[in-house]
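Please read these points with the model open beside you.

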Amino acid sequence: MNWRYSPAARIGLSIAVATGLYGISFGALGVASGLSVWQTIALSMLMFTGGSQFAFIGVMSGGGAGSAAFGAATLLGARNAVYGMQLNQMLRPRGWRKLLAAHITIDESTATAAGQVDPGEQLRGFWTAGVGIFVLWNLFTAIGALLGDALGDPRRWGLDGAAVAAFLGLLWPRLSAREPVALAVLCGLVTVLMVPLAPAGVPILAAALVAALWGWFSRGPADEGLEPDIDPVVYSDDTPRERL
Amino acid sequence: MPLWGWIVAASVVAYATKLAGYLVPPRLLENERMSRVAGTLTIGLLASLTAMNAFSAAQALVVDARVAALIAACIALWLRVPFLGVVVVGAAASAMLRFAGFG
């Protein structure tokens, strides 16, 4: 079995194209939130975890401080540690490969690997999706940032509405049962109630606290909320699955 | 700290978080509570970010053209439009409402 005939590599590439493309929305929204083109590109190159990147610019566009953006991005990245543990068990990378694998450890690369049974296919799926997304995500971030910069007033083009849609789009695949929906509604309410009472950025951290307590004290599936934004299952032609 | 400082700091911590997963003893993986909190945290933060970006303007609650984006995105996701399409639909809904003179 080599890379050319690997179904996992094919799924990885499809995922890379689908995920990489939406880097264009991150780029445009990054600039609209007040970051420079280079700062937006730096987030995609260095942070490289979509949810946290969107969180960072989401707090900035709401008028939050850099420290609040840092806090929201960091908390949202916590799930990547869980992915790292799973992938380390699955792929057992050594030396420099471990350092490289860590950087491309995100929802989609983890899900592509986890969707395979054969260890060789897990490896090919992970690296194709991870490296592919990294390249395309950065390319489209740059394009989006330059476009956003050229557009001028972001509100005129509805880019503030686009940010709302982007966050809902990231949340949606994780609302697969009644319990996560209840949690999402609760955290949304906490945020809205806190906005007039606390400095920008703090309402998000309050919602994070509520969510952490919910996870700590309630019982439920251990993989809840760890669904990828773009599901590799949809892209594998041999195992179709009805969703929702 | 200037914004660049926060960008670099958040990126370093994001990488450290990922790498930590590769370095901790595998038996930690058996602790279901940890991955459960990571999951509920993800849902809570994304819900919070959605609400904040839809209804807040600095420290005030406002209802403006962004609500149209929220509703339109909801419908698009219900119809299984891909992510990028959802974002475009959201932008179009807000832009059109604003063009018509609301919010």
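1. In helix 4 of chain A, Gly51(A), Phe54(A), Gly58(A) and Ser61(A) meet Ala163(A), Ala166(A), Phe167(A) and Leu170(A) in helix 10 of chain A. Residues are in contact here if their C-beta atoms, placed from the backbone, lie within 7 Å. Helices (H or I, at least four residues) are DSSP runs, numbered from the N terminus. The residues of this contact divide into 5 nonpolar, 3 polar and no charged. Nonpolar covers Ala, Val, Leu, Ile, Met, Phe, Trp, Tyr, Cys and Pro; charged covers Asp, Glu, Lys and Arg; the others, Gly among them, are polar.

2. This is a predicted model: local features need pLDDT of at least 70, side-chain atom pairs count only at pLDDT 80 or more, and totals for chains, interfaces and linings use all residues. Residues are numbered from 1 along each chain as its sequence is written, while chains are lettered from A and ligands numbered from 1 in the order in which they are written.

3. How do helix 4 and helix 10 of chain A pack? Their angle is about 145 degrees and their axes are 11 Å apart. Axes are lines fitted to C-alpha atoms, for helices over the stretch in contact, and angles run from 0 to 180 degrees between N-to-C directions.

4. The contact between the chains takes 88 residues from chain A and 70 residues from chain B. On the side of chain A that touches chain B, the largest share, 13 residues, comes from helix 10 of chain A. By class, that side has 52 nonpolar, 27 polar and 9 charged residues.

5. Ala165(A) has its place in helix 10 of chain A. Leaving aside neighbours within four places in sequence, Ala165(A) is in contact with Ala69(B), Ala73(B), Val86(B), Val87(B), Val89(B) and Gly90(B). Ala165(A) is buried because 33 other C-beta atoms lie within 10 Å. The cut-offs are 20 or more other C-beta atoms within 10 Å for buried, 12 or fewer for exposed, and partly exposed in between.

6. Most residues other than glycine have a negative phi. Phe48(A), not a glycine, has a positive phi of about 40 degrees. Phe48(A) is found in the loop between helix 3 and helix 4 of chain A, and counts as buried because of its 24 C-beta neighbours inside 10 Å.

7. Arg80(B) also has a positive phi, near 60 degrees. Arg80(B) lies in the loop between helix 3 (66-78) and helix 4 (83-99) of chain B. Is Arg80(B) buried or exposed? With 12 C-beta neighbours inside 10 Å, Arg80(B) counts as exposed.

Note on methods:
Contact = placed C-beta atoms within 7 Å. Helix = DSSP H or I, 4+ residues; strand = E, 2+ residues; numbered from the N terminus.
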